[in-house]
Amino acid sequence: MNLAKFPRIRLGHLPTPLEPLPRLSEALGGPEIWIKRDDCTGLSTGGNKTRKLEFLMAEAQKQGADIVLTQGATQSNHCRQTAAAAARLGMDCHLLLEDRTGYDHENYRYNGNVLLDVLHGATVEHRGPGLDMNAELDVVADRFRAECRNAYAIPGGGSNPTGALGYVNCALELLGQLVDLGLNVDHIVHATGSAGTQAGLVTGLCAMNAGIPVLGIGVRAPKEKQEENVFALAARTAEKLGCPGVVRREDVVANCDYVGPGYGMPAESTLEAIDLFARYEAILLDPVYSGKGGAGLIDLIRKGHFSKGERVVFLHTGGAIALTGYTHEFDVAAKA
């Protein structure tokens with residue numbers, strides 16, 4: 001497995017920290033919790049998509065692109081980081097934002113990630129719910145090509161084999177940190193959505209024969225669909241790396257019990273996780289991904305799924321800037 005053969009542009013502050021969470025661990029009374037701080041990748045407030053974009057934007061440059069396009073929900077972390085990467089590299093960026101929640105709050109529609117999209121110079125189109133957004137993206141990319149633009153289209157979440165290389169690299173980085181710290185880890189837990197983060201992690205860990213199980217906490221799709229999506233992408237990523245078959249179906253596990261009302265709509269457990277991480281460890285989760293990942297981690301600890309004496313790494317996928325788009329979910333006035 002040789003990542004060096006793939007084009008890459010350094011956009012992130014890597015390696016990201018690996019830190020213990022002693023107060024949260026004590027409060028929950030379960031395993032020893034550590035956190036991999038991929039909220040600290042540095043590109044426009046950071047997040048997991050930066051790792052993917054290091055490979056995707058390098059591929060775009062290699063193809064001579066002068067504009068990159070991608071799609072996501074209104075408060076998409078991926079769209080914000082893509083706009084930031086394009087700004088850094090002097091490319092134009094065009095975003096398709098899908099209304100997946102029906103929220104009409106002004107902060108949700110114009111603050112948080114949306115504000116940063118605009119500040120980074122991206123142009124934006126909006127779509128209603130229920131469409132095949134990658135198909136919509138292809139149509140818009142063809143429109144730009146008809147205008148003689150060299151358009152490079154990035155799928156939602158940056159989740160294709162090129163993007164997933166970012167999390168193969170993260171798996172290697174994390175294993176190196178564990179060796180340096182002399183730590184054994186029993187589980188890795190993170191939020192999983194468009195599949196690229198989990199697919200890359202699982203592929204990297206399997207290729208290195210690490211023996212550390214990964215649990216993705218789903219934020220949108222049902223369990224069977226989520227696992228199918230992750231496994232399919234992991235298989236394609238392994239083929240791209242030259243190690244086909246290294247990931248088995250049983251290596252891909254998702255728990256989708258914490259989606260709540262729907263994608264981008266926090267449940268009470270999401271809000272509790274945001275509160276506990278902020279109060280005990282001064283770490284900010286987001287209402288869409290890391291908040292639901294944290295909710296799953298907390299509930300599974302309470303249910304005894306992770307035992308006292310074990311060590312769990314929670315991969316923080318970032319996105320806290322979206323909190324400013326969700327002020328309607330927090331009773332701030334009553335507490336201030």
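Which domains does the lining of the largest pocket draw at least three residues from? Domain 1 (18–46 + 160–329) and domain 2 (49–154) each supply at least three. The model is predicted. Its largest pocket holds about 730 Å³ of space. K49 carries a UniProt annotation as a modified residue and is buried.

**Largest pocket**

- The lining of the largest pocket is made up of 32 residues.
- N134, G156, G193, S194 and R220 lie nearest the centre of this pocket.
- Four elements each supply at least two lining residues: β3 (67–73), α3 (77–89), α6 (133–146) and α9 (223–241).
- Helix α9 gives the most to the pocket lining, with six residues.
- By class, the pocket lining has eleven nonpolar, 14 polar and seven charged residues.

**Cavities**

- Where is empty space left inside a protein? Rolling a probe the size of a water molecule over the atoms shows this.
- The model has three cavities of 30 Å³ or more.
- The largest cavity is lined by 15 residues, and those closest to its centre are N48, K49, A191, G193 and T197.
- G193 is also among the residues nearest the centre of the largest pocket.
- Helix α2, strand β7 (187–192) and helix α8 (196–207) each give at least two residues to the cavity lining.
- The cavity lining divides into three nonpolar, ten polar and two charged residues.

**Records and K49**

- An unreviewed UniProt entry annotates K49 as "modified residue: N6-(pyridoxal phosphate)lysine".
- K49 sits in helix α2, which covers residues 49–62.
- Is K49 buried or exposed? K49 has a relative accessible area of 7%, under the 20% cut-off, so K49 counts as buried.
- K49 is also one of the residues closest to the centre of the largest cavity.
- The unreviewed UniProt entry also gives "domain: Tryptophan synthase beta chain-like PALP" for residues 9–318.
- That span is 45% helix and 17% strand.
- The C-alpha atoms at the ends of residues 9–318 are 20 Å apart.

**Cysteines**

- A disulfide is a covalent bond between the sulfur atoms of two cysteines.
- How many disulfides does the model have? The count is zero.
- C256 has its closest cysteine sulfur in C206, at 19 Å, so the two sulfurs are too far apart for a bond.
- The cut-off for a disulfide is 2.5 Å between the sulfur atoms.
- C256 is buried, because its relative accessible area of 15% is under 20%.
- C148 is exposed, because its relative accessibility of 72% is over 50%.

**Backbone geometry**

- Most residues other than glycine have a negative phi, and most peptide bonds are trans.
- Which residues does a cis peptide bond join? The cis bond is between L14 and P15, with omega about 0°.
- P15 falls in the segment before β1 (18–20).
- T45 is not a glycine, yet T45 has a positive phi of about 75°.
- T45 lies in the loop between β2 (32–37) and α2.
- With 47% relative accessibility, T45 is partly exposed, because this value falls between the 20% and 50% cut-offs.
- A195 is another residue other than glycine with a positive phi, here near 95°.
- The loop between β7 and α8 holds A195.
- A195 is buried, because its relative accessibility of 4% is under 20%.

- T270 is part of helix α10, which covers residues 268–281.
- At 0% relative accessibility, T270 is buried.
- How far apart are T270 and P31 in sequence and in space? T270 and P31 are separated by 239 residues in sequence. Their C-alpha atoms are 20 Å apart in space.

Note on methods
Residues numbered from 1 in each chain as written. Predicted model: local features only at pLDDT ≥ 70, side-chain atom pairs only at ≥ 80, totals over all residues. Heavy atoms only, no water. 1 Å grid on protein atoms, 1.4 Å probe; cavity = no way out; pocket = protein on both sides within 12 Å on 5 of 7 lines; lining within 4 Å. Points joined across faces, edges and corners; volume = space filled by probe spheres on them. Nonpolar A, V, L, I, M, F, W, Y, C, P; charged D, E, K, R; others polar. Domains from an automatic or database assignment. Buried < 20%, exposed > 50% of the residue type's maximum accessible area, 1.4 Å probe, protein only. UniProt positions renumbered as here; feature names shortened; annotations may be inferred.
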